[in-house]
Amino acid sequence: MAADPQLLAAAVEAAITWRSHRLGRAAHARALRLLSPDLPPFICAHLVNLYSKLDLPAAAASALASDPSPTVVSFTAFISGAAQHARPLPALSAFAAMLRLGIRPNDFTFPSAFKAAASAPPRSNVGPQIHALALRFGYLPVDPFVSCAALDMYFKTGRLGLARRLFEEMPNRNVVAWNAVMTNAVLDGRPFETVQAYFGLREAGGMPNVVSVCAFFNACAGAMLLLLGDQFHGFVVKCGFDMDVSVSNAMVDFYGKCRCVEKARMVFDAMRVRNSVSWCSMVVAYAHNGAEDDAFSVYLGARSAGEEPTDFMVSSVLTTCAGLLGLDLGRALHAVAVRSCIDANIFVASALVDMYGKCGGVEDAEHVFLDMPRRNLVTWNAMIGGYAHIGDATNALAVFSDMITSGETAPNYITLVNVITACSRGGLTKEGYELFETMRERFGIEPRTEHYACVVDLLGRAGMEERAYEIIQRMPMRPSISLWGALLGACKMHGKTELGRTAAERLFELDPQDSGNHVLLSNMLASAGRWVEATYVRKEMKDVGIKKDPGCSWITWKNVVHVFHAKDTKHEMNNEIRALLAKLKKQMQASGYMPDTQYSLYDLEEEEKESEVFQHSEKLALAFGLIHIPPGVPIRITKNLRICVDCHRAFNFISGIVGREIIVRDNNRFHRFKQYECSCKDYW
């Protein structure tokens, strides 16, 4: 290499291409040894460019400072590197320094300066100041490259009026300018503006590129414009854009968000080349549409194809574990995250907290939560939601208080839904109602339908159904299904038959095909001894063709899911299950257990009712678990309906008699039974 500056410059450029810190520093050292004391200006510019692009800010600043005669090329390289690596303040400081030295910015300097201004602190006026300078030097609005950068800056800093004015002043609006309008509109949640801009591009005779196409699909996904996006798919195929992996990824995402997961899969299967985003998009498409099994299968396919787990991929798959209530799967993914050194990523960690909370492993959620160096809104909501799932109102309120005290983030409407839900399930009626009443003044959050549903449930569980009904009557929006459902459930719990019938009638109007509402009304009437009316409700269901979802419970053992229905005798372990249940019944009765038959659905003699309730699906699943699952391992049961009063009471007794922890996830919440007690404190 001798002392040839051109060869040294080539070595520095090679280090940039290969992103090799070591090669770059070696070239720098050789230049200092062979060309000292004064390095040629173009070598200094190459070194500034090297360290800026390799994200070595201290070295880049040192190289720029050591240049005795810095040029616009050196400053532009530094400003560009700092802007690209999200360090706006050093970039803008260097821009100001070059102006003080009398160095005139060029058409490459201004776009980098605008990029830095786009991520400058809020309420900063540096963007318009750079705009004024670009006008003075004649780059705006005639230079399309500089104009597009300024346009993007105005959109990203929320100055929509100035952005639109600049766009109108541009004499040559190329596809990059239109893309700036489209992509920023999508990011700001204005999908219809994106669609309008796309058609403006076409009317102006412009041809879209990959960025335009992706922005259009993102807009269609955001606005759920399935028909328009489907038609655009045909245009994309005709023009050959579907061969681009980014466009295919956007189509998978579009169809997934529009709940056409079959078409998303069709696009995915047709892709010749897939990247990490492709696999993640397909995982999210399945998860978004409730197909958690398929989502997890795609993840396994990605791993088999050699894809390394990324933070987005792992966090996406963790959401499927929450949907599947797959605690063991979630723990396996947690291990993958640790092994891949992404467990500290805020999105992965937040997904872990959410997964553990939704799967009933709140202690594991606490460990992840407490180990996080910083937390975002999703993290706080997930932790509070985890406590809400098990009815631990005290800890939910404690975390909520910590969230406010920390100042890391302000609560949103989901936070308050979780806190009020926790108060409802934990019996803290006063605290939950006070939060509902003051949420507008304290946090500036207007109560939504979800908050009203929570407070109706809160009051209903506390036996204040009439007060809950008054709130429904005076709420500013139309009561939803969840509101009337919460009131009906409360009326069933406390035997308020007439008010319950009113709630049921409203539910029949809103959702006439939901069997659960008819069953709730029938059960409520049956528990009040009004058998004729209960039978009539059941007959009415049959006459109009409404079928009740059969109650079932399931338990997993050695990767096999065992499903049980009430009075189930088909299981291969039926004799052993029946024998164990009979033994447990005697032990419970000796401990003071009396069967609760008030919700038995048939007009039977008391002895027949006792036999009826002891054949419920969750009891059969529990007996299977006690036979197979070794001591020390919690028994986890899932039920598709709400656990009945007698099974809840029986599980309290059984947990103490056999000394086992029993976790039941019904369609409403978790119940953790241990030493004769449930985590819900018998308040559910």
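User: How many residues does the largest nonpolar core have?

Analyst: This is a predicted model. Within the largest nonpolar core, the residues with the most contacts are F110, F114, I130, L151, F217, M282 and L487. A second, separate core includes A621, A623, I637 and C647 and holds 31 residues. The residue count of the largest core is 183.

User: Which residues does L151 touch, leaving out those up to four places away in sequence?

Analyst: L151 is among the residues with the most contacts inside the largest core. With residues up to four places away in sequence left out, L151 touches A163, L166, F167, M170, A177, A180 and V181.

User: How many helices are there in the chain?

Analyst: The chain has 684 residues, and 50% of them count as buried. Its C-alpha trace spans about 100 × 50 × 50 Å along the principal axes. Besides six strands, the number of helices in the chain is 36.

User: Is F216 buried or exposed?

Analyst: Buried means under 20% relative accessible area. F216 has 1% relative accessibility, so F216 counts as buried.

User: How far apart in sequence are the parts that the pair of F216 and F232 ties together?

Analyst: F216 and F232 form a tilted aromatic pair, 4.2 Å centre to centre with 40° between the planes. F216 belongs to helix α13 (residues 210-222), while F232 belongs to helix α14 (residues 226-239). The pair therefore ties together parts whose separation in sequence is 16 residues.

User: Which helices do F400 and F443 lie in?

Analyst: F400 and F443 form an edge-to-face aromatic pair, with 5.7 Å centre to centre and 65° between the planes. The pair ties together parts 43 residues apart in sequence, because F400 lies in helix α24 (residues 393-406) and F443 in helix α26 (residues 429-443).

User: Which residues do ring pairs link into a cluster?

Analyst: The structure holds 26 aromatic pairs. One of them is the tilted pair of F216 and F232. Ring pairs link these two residues with others into a cluster, whose members are Y198, F199, F216, F217, F232, F235, F254 and Y255.

User: How far apart are the end C-alpha atoms of α13?

Analyst: Helix α13 has 13 residues, and at 1.5 Å a residue they should span 18 Å. The expected span is 1.5 Å times one less than the number of residues. The model agrees with this, as the end C-alpha atoms of α13 are 18 Å apart.

User: What covers the buried residues of α13?

Analyst: The buried residues of α13 are S212, V213, C214, A215, F216, F217, A219, C220 and A221. What covers them includes α11 (175-187), α12 (191-203), α14 and α15 (245-257).

User: Which residue caps the N-terminal end of α13?

Analyst: Just after α13, M224 takes a positive phi of about 55°. At the N-terminal end of α13, a side-chain oxygen lies 3.1 Å from the backbone nitrogen of V211. The capping residue that supplies this oxygen is N209.

User: Which side chains make polar contacts with the side chain of R190?

Analyst: R190 is found in the loop between α11 and α12. R190 is buried, with a relative accessible area of 17%. Its side chain makes polar contacts of 2.8 Å with the side chain of D188 and 2.7 Å with that of E193.

User: Which ring does the charged end of R173 sit over?

Analyst: Elsewhere in the chain, R665 lies over the face of F670, at 5.0 Å from the ring centre. The charged end of R173 is 4.8 Å from the centre of the ring it sits over, that of F167.

Conventions:
Residues are numbered from 1 along each chain as its sequence is written. This is a predicted model: local features need pLDDT of at least 70, side-chain atom pairs count only at pLDDT 80 or more; totals for chains, interfaces and linings use all residues. Side-chain values use heavy atoms; hydrogens and water are left out. A nonpolar core is a set of buried Ala, Val, Leu, Ile, Met, Phe, Trp, Tyr and Cys residues joined through side-chain atoms within 4.5 Å. Buried means under 20% relative accessible area, exposed over 50%, partly exposed in between (1.4 Å probe, protein chains only). Contact means heavy atoms within 4.5 Å. Rings of Phe, Tyr and Trp (its six-membered ring) pair if their centres lie within 6.5 Å; planes under 30 degrees apart count as stacked, over 60 as edge-to-face and the rest as tilted. Helices (H or I, at least four residues) and strands (E, at least two) are DSSP runs, numbered from the N terminus. A charge sits over a ring if NZ of Lys or CZ of Arg is within 6 Å of the ring centre and within 35 degrees of the ring normal. A polar contact is a pair of N or O atoms within 3.5 Å; within protein, one must be able to donate a hydrogen and the other to accept it, and residues adjacent in sequence count only if both atoms are side-chain atoms.
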